[in-house]
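Subject: Structure handover

Hello,

Here is the structure I promised to pass on. Please open it next to this email, and my notes follow below.

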Amino acid sequence: MINTRTALAALAAFAASAPADAAVTISTAATQNMSCSGGTCVPTAASAVLNVSDLENDLSQFGNVRVMTTGNGVEANNIVIKAAFSSPDSTSLTLEAHKAITVDAAVSIGSGTA
């Protein structure tokens, strides 16, 4: 029989070991814990930031950009867009998240706006 106290302690220990904000956040903050190469951006830690200007520059340079939550041995859960951005008609943006994508700002890719 499992003791309630033991079960609660195990649950608390598990919650404490999980990253609280395991996400790739696209914002105006400086890029950190992200590696971008050839139009693909992946996290190098469970919590990462991709600067919106860096993303716009990559869209202009490569045309097609992919932002993922899975990196080399790293897994963030979500992608959170906190800053508005836009790119020309000839570009595409792919967002690949392990769990969820949250858009808290206007995103314009070509003539479309989300």
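**The mixed sheet**

β5 and β10 run parallel and pair over 5 bridges. One of the residues involved is V65, whose bridge partner in β10 is L93. Please keep in mind that this is a predicted model.

The two strands belong to an open sheet of 4 strands, in the order β2-β3-β5-β10. Its pairing is mixed. β2 and β10 stand at the edges with a single partner strand each, so one side of each has no neighbour in the sheet. On average, neighbouring strands here are turned by 15° against each other, direction ignored.

As a reminder, strands of a sheet pair through backbone hydrogen bonds, either parallel or antiparallel.

**The parallel sheet**

There is also an open sheet of 4 strands with parallel pairing. Its order is β4-β1-β8-β11. Which strands stand at the edges here? They are β4 and β11 (101–103). Each has a single partner strand, so one side of each is left without a neighbour in the sheet. The twist averages 15° from one strand to the next.

β8 and β11 run parallel and are joined by 3 bridges. I79 stands opposite I101 in β11.

V49 is found in β4, which spans residues 48–51. Is V49 buried or exposed? V49 has a relative accessible area of 14%. That puts V49 under the 20% cut-off, so V49 counts as buried.

V49 and T25 are 24 residues apart in sequence, yet their C-alpha atoms are 4.8 Å apart in space. T25 is also among the residues that V49 touches, beyond four places in sequence.

**Helix α2**

α2 has a place against both sheets. It lies across β1 and β4, running at about 60° to β4. It also lies across β2, β3 (40–43), β5 and β10. Against β5 the angle is about 140°.

Which residues of α2 are buried? They are V52, L55, D58 and L59. Seen down the helix axis, these buried residues fall within an arc of 120°, so they line one face of α2. An α-helix has 3.6 residues a turn, so residues three or four places apart point the same way. The face of α2 turned away from the buried side carries the exposed residues S60 and Q61.

Now the ends. N51 caps the N-terminal end of α2. A side-chain oxygen of N51 lies 2.7 Å from the backbone nitrogen of S53. Just after α2, G63 takes a positive phi of about 85°.

**The core**

The largest nonpolar core has 17 residues. Those with the most contacts inside it are V24, I26, L50, L55, V67 and F85. Two or more residues each come from β1 (23–27), β4, α2 (52–62), β5 (64–68) and β8 (78–81). α2 gives the most, with 3 residues.

L55 is worth a look on screen. Leaving aside neighbours within four places in sequence, L55 is in contact with I26, L50, V65, V67, F85 and L93.

**Two loop residues**

T91 sits in the loop between β9 (85–87) and β10 (92–96). T91 is buried, with a relative accessible area of 9%. What does the side chain of T91 join in a polar contact of 2.6 Å? The partner is the side chain of S87. The backbone oxygen of P88 lies 2.8 Å from a polar atom of the T91 side chain. Beyond four places in sequence, T91 is in contact with L59, G63, N64 and I109. L59 is one of the buried residues of α2, and G63 is the residue with positive phi just after that helix.

N33 lies in the loop between β1 and β2 (34–37). Its phi is near 60°, a positive value in a residue other than glycine. Most residues other than glycine have a negative phi. N33 counts as partly exposed, at 33% relative accessibility.

Best wishes

Technical notes. Residues numbered from 1 in each chain as written. Predicted model: local features only at pLDDT ≥ 70, side-chain atom pairs only at ≥ 80, totals over all residues. Heavy atoms only, no water. Buried < 20%, exposed > 50% of the residue type's maximum accessible area, 1.4 Å probe, protein only. Contact = heavy atoms within 4.5 Å. Core = buried A, V, L, I, M, F, W, Y, C linked by side-chain atoms within 4.5 Å. Arc of directions from axis to C-beta. Polar contact = N/O pair within 3.5 Å; in protein donor to acceptor, adjacent residues only side chain to side chain. Pairing = 2+ DSSP bridges. Axes fitted to C-alpha atoms, helices over the stretch in contact; angles between N-to-C directions.
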